[in-house]
Amino acid sequence: MFSFSVFLIVLLFVFIAKGVIIVQQAEVVIVEKLGKFDRVLQSGFNFIIPIIEAPRAIDWKMTQKGFDGMTYSVIQKRTRIDLREAVYDFPRQNVITKDNVSISINALLYFQIVDPKSAVYEIQNLPEAIEKLTQTNLRNLVGQLDLDESLVSRDKINHELRAILDDATNKWGVKVNRVELQDIIPPTDIQSAMEKQMKAERDRRAAILEAEGLKKSAVLKAEGEKEAAINRAEGDKQANILRAEGIAQARILEADGEKEAIGRIIEALANKGQPDKYLIAMKYLETMKTITSGQDNKVVYMPYEATGILSSIDGIKEMFNK
């Protein structure tokens, strides 16, 4: 009797232990009653009826690194569904572009389970299904682009691939948040050709920049020479104008002085003789002085109008005698 009581107590303890399920935060458990979906256990303390109710186990593909450093895919059985955002690193795959170039692409996928029931009952092995779907659609998208477009269109590929995956996985209760292409690696010979092309392009840009610099330098030099010539011409013009104005003013002053001198002479001789003869004689003598002032000027003749000069001189003499 005592042993039977102990057996019942142990059986009750096992029953309770099997029926108590503590669910962590951001996790859920799918419970089936007699093989049929019954309810979803949320975070916290939960109790199920053993034998009649049981958590539903699902297949979940995961990647692990082995002792040799290589990455391997492992399928595990789990009864708890993580509702947090998950990151799935897809293995590198070869994709052929529109111009028949084989490139290697490595992608990252960020997804989150929003409907645990659909994630369990609508698809078998959700991570593997998402991986295959991503690989096939990535091949289709890259196959529509040339190599150059593939290398510069990462954002476009990410956006289009995320939209396709989000729409396709909606019935699985999954929300695809982001898709990121980590690496796009073309073949070695293509990389070498691209490097040569980039070097040639850099050399061409350098030559263009150098030519533009020389052109601007020549233009600036020509403009400087032009401005300098204009300034010199303007300076010469101003100098000639000032010189001409000086000569004109000097001649005006000289004429004014001569005018005043002649006026005084005329005034002095107005009552004593003939001033016109006096002036003509003085101008004539000045002219003769200029003609004979040079070293090589030797005058050995008498001018034709010498008698007129002599008469003028006689007239001046008579005028002063008066």
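The following legends describe close-up views of a predicted model. Residues are numbered from 1 along each chain as its sequence is written, and side-chain values use heavy atoms, with hydrogens and water left out. Because the model is predicted, local features require pLDDT of at least 70 and side-chain atom pairs count only at pLDDT 80 or more, whereas totals for chains, interfaces and linings use all residues.

**Figure 1. Overview of the protein chain.** The secondary structure comprises 8 helices and 12 strands; helices (H or I, at least four residues) and strands (E, at least two) are DSSP runs, numbered from the N terminus. Of the 322 residues in the chain, 25% are buried. Burial is defined by relative accessible area: buried means under 20%, exposed over 50%, and partly exposed in between, with a 1.4 Å probe and protein chains only. Among contacts between residues at least 6 apart in sequence, 58% join residues at least 24 apart, a contact being heavy atoms within 4.5 Å.

Figure 2. The structure holds 1 cavity of 30 Å³ or more, and the volume of the largest cavity is about 40 Å³. On a 1 Å grid over the protein atoms alone, a cavity is a set of points where a 1.4 Å probe fits but cannot get out, and lining residues have an atom within 4 Å of a point. Grid points are joined across faces, edges and corners, and a volume is the space filled by probe spheres set on the points. The lining is formed by F90, P91, Q93, I105, N106, A107, T134 and L138. Two or more of the lining residues come from each of the elements β11 (102–113) and α3 (126–143), and β11 gives the most, with 3 residues. By class, the lining has 5 nonpolar, 3 polar and no charged residues. Here Ala, Val, Leu, Ile, Met, Phe, Trp, Tyr, Cys and Pro count as nonpolar, Asp, Glu, Lys and Arg as charged, and the others, Gly among them, as polar.

**Figure 3. The largest pocket.** A pocket is an open set of grid points with protein on both sides within 12 Å along at least five of seven lines. Its lining consists of 19 residues, of which W60, M62, R78, A86 and V87 lie nearest the centre. At least two lining residues are supplied by each of β6 (58–65), β8 (80–82), β9 (86–89) and β11. The lining divides into 9 nonpolar, 2 polar and 8 charged residues.

Figure 4. Side chains of opposite charge can pair when their charged atoms come close. The structure holds 14 salt bridges, each being a side-chain nitrogen of Lys or Arg within 4 Å of a carboxyl oxygen of Asp or Glu. One of them joins the side chains of D38 and R39, with an N to O distance of 2.5 Å. D38 is partly exposed at 31% relative accessibility, and R39 is likewise partly exposed at 26%. A network of salt bridges links K33, D38, R39 and E53.

Figure 5. In helix α5 (residues 154–168), R162 and D166 are 4 residues apart, so about one helical turn separates them. Their salt bridge has its closest N and O atoms 3.9 Å apart. R162 is partly exposed, at 23% relative accessibility, whereas D166 is buried, at 17%. In helix α6 (residues 188–269), K199 and D203 also lie 4 residues apart, about one turn of the helix. The side chains of K199 and D203 form a salt bridge at 3.3 Å, N to O. K199 has a relative accessibility of 48% and D203 a relative accessible area of 43%, and each residue counts as partly exposed.

Figure 6. E32 lies in strand β2 (residues 27–33) and is buried, with a relative accessible area of 12%. Its side chain makes a polar contact of 2.6 Å with that of Y121. A polar contact is a pair of N or O atoms within 3.5 Å; within protein, one must be able to donate a hydrogen and the other to accept it, and residues adjacent in sequence count only if both atoms are side-chain atoms. Neighbours within four places in sequence aside, E32 is in contact with F37, D38, I52, E53, A54, R56 and Y121.

Figure 7. Q25 is placed in the loop between β1 (20–23) and β2. At 67% relative accessibility, Q25 counts as exposed. The C-alpha atoms of Q25 and R84 are separated by 9.7 Å, with the two residues 59 apart along the chain.
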